[in-house]
Amino acid sequence: MSLTILRTTLRLRSPYRLQRIQGHMMSSHVGSEVLLETVGNAGVITLNRPKALNALNISMIRCMFPQLKKWEKDSETDIVIIKGAGGKAFCAGGDIRAVTEAGKSGDSLAKDFFREEYILNNAIGTFQKPYVALIDGITMGGGVGLSVHGHFRVATEKTLFAMPETAIGLFPDVGGGYFLPRLQGKLGLFLALTGFRLKGRDVQRAGVATHFVESQKLGALQKELVDLRSPSMSDVTKLLDSYQEQSTLDIEKPFVLQQHIEAINRLFQADSVEQIVENLKNDGSPFAQKQAETLAKMSPTSLKLTFRQLQAGATMSLQEVLVMEYRLSQACMVCRGHDFYEGVRAVLVDKDQSPKWKPSTLAGVSEQSVEESFASLEERDLRL
């Protein structure tokens with residue numbers, strides 16, 4: 001079933017403007033899982049799978065990518081806004097269960113999903129007009145890829161951010177190798193390896209979001225964003241800054257990791273995951289002990305791939321990172337896929353939270369197997 005949506009503001013520039021919008025929207029056949037609207041001079045994307053926490057699937061990607069490219073070229077589209085429906089999540093991640101089922105059966109979705117998702121991530125990262133992600137609610141994995149590479153990311157008190165991939169035998173993809181090592185100190189590596197969750201204002205304090213605005217103000221903010229005429233990046237920044245200044249909720253609370261930043265920078269400064277684990281065990285503090293216990297639950301293979309991914313990504317462009325991550329995705333899906341399938345089973349399917357990793361220790365993960373996961377796929381490499 002397709003859904004055609006037309007919402008316009010009262011301040012239309014001309015009858016031609018109305019005809020242009022009607023013609024555009026009536027010629028679009030948009031699945032109800034993602035709503036694409038032209039509102040005034042703004043393109044608005046609404047992720048519309050609230051019962052699935054707006055989890056991203058390939059049909060949604062295939063709707064969004066061509067529309068984003070059209071809006072980028074359209075002289076009457078000045079800004080793009082992306083948000084999630086339902087009030088609980090912006091986007092809780094990719095539709096991993098569908099991907100694992102495809103991988104098991106040899107279906108091409110196991111390749112196509114990651115390829116097309118990363119191409120969309122790159123389109124967002126290179127978008128030439130203001131791109132504003134309203135990350136109200138759960139924002140993980142694939143949802144991070146739809147937001148973090150854009151110019152503006154607006155967190156609220158309901159935002160819950162995490163990159164939890166090492167717990168399911170994967171790695172923090174969707175450009176995680178690009179944005180995570182560019183956070184302050186070793187914070188990105190810490191978030192990538194442990195899957196630590198950030199909430200509310202802390203998402204901005206960590207540098208993942210650019211702004212914090214109280215959830216109840218988002219409706220008014222979106223209206224003002226839509227009403228901007230040919231806004232520059234500076235114009236959007238000023239508007240978002242003004243809403244942030246009006247949002248005082250939790251402003252007195254310190255950053256949740258503030259007292260641990262020095263320890264994170266010291267303990268996660270290492271040449272290997274094994275050295276990080278040794279640092280944590282030798283430190284002996286309750287915080288270090290808790291992180292050591294967390295890492296012990298993660299896929300050893302994922303930990304080593306993630307460490308190397310962020311190490312390499314620190315000096316790469318976003319495009320180079322996405323090519324690297326596509327290679328890793330295929331290694332996890334095909335060549336060394338046990339941990340990914342086992343992690344999804346334990347965490348998302350059976351939910352026994354007891355994955356049986358292979359290898360089960362860091363020592364069992366050879367440097368050769370890590371190197372091979374980063375190897376070129378030749379003609380099957382991602383092309384951007």
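At 41% relative accessibility, Arg266 counts as partly exposed, a class lying between buried, under 20% relative accessible area, and exposed, over 50% (1.4 Å probe, protein chains only). The model is predicted, so that local features need pLDDT of at least 70 and side-chain atom pairs count only at pLDDT 80 or more, while totals for chains, interfaces and linings use all residues. Residues are numbered from 1 along each chain as its sequence is written, and side-chain values use heavy atoms, with hydrogens and water left out. Helices (H or I, at least four residues) and strands (E, at least two) are DSSP runs numbered from the N terminus.

**Salt bridges**

- The structure holds 19 salt bridges, each defined as a side-chain nitrogen of Lys or Arg within 4 Å of a carboxyl oxygen of Asp or Glu.
- Arg266 is bridged to Glu262, with 3.0 Å between the closest N and O atoms; because the two residues are 4 apart in helix H11, about one helical turn separates Arg266 from Glu262.
- A salt bridge also joins the side chains of Lys217 and Glu214 (4.0 Å, N to O), and both Lys217 and Glu214 are buried.
- Asp250 pairs with Lys253 in a salt bridge whose closest N and O atoms are 3.6 Å apart; Asp250 is partly exposed at a relative accessible area of 24%, and Lys253 is likewise partly exposed, at 48% relative accessibility.
- A network of salt bridges links Glu342, Arg345, Asp350 and Asp352.

**Helix H12 and its surroundings**

- Within helix H12 (residues 273-283), the residues Val273, Ile276, Val277, Asn279 and Leu280 are buried; viewed down the axis of H12, these buried residues fall within an arc of 160°, so they line one face of the helix, the arc being that of the directions from the helix axis to the C-beta atoms.
- The exposed residues Lys281 and Asn282 sit on the face of H12 that is turned away from its buried side.
- The cover over the buried residues of H12 includes helix H7 (187-194), helix H11 (261-267), helix H13 (286-297) and helix H14 (300-313), where contact means heavy atoms within 4.5 Å.
- Just after H12, Gly284 takes a positive phi of about 80°.

**The sheet**

- An open sheet of 6 strands runs in the order E3-E4-E5-E7-E9-E12 with mixed pairing, two strands being paired if DSSP finds at least two bridges between them.
- Its edge strands, each pairing on one side only, are strand E3 (34-39) and strand E12 (211-212).
- Strand E9 (residues 152-155) and E12 run parallel and are joined by 2 bridges; the bridge partner of Ala155 in E12 is Phe212.
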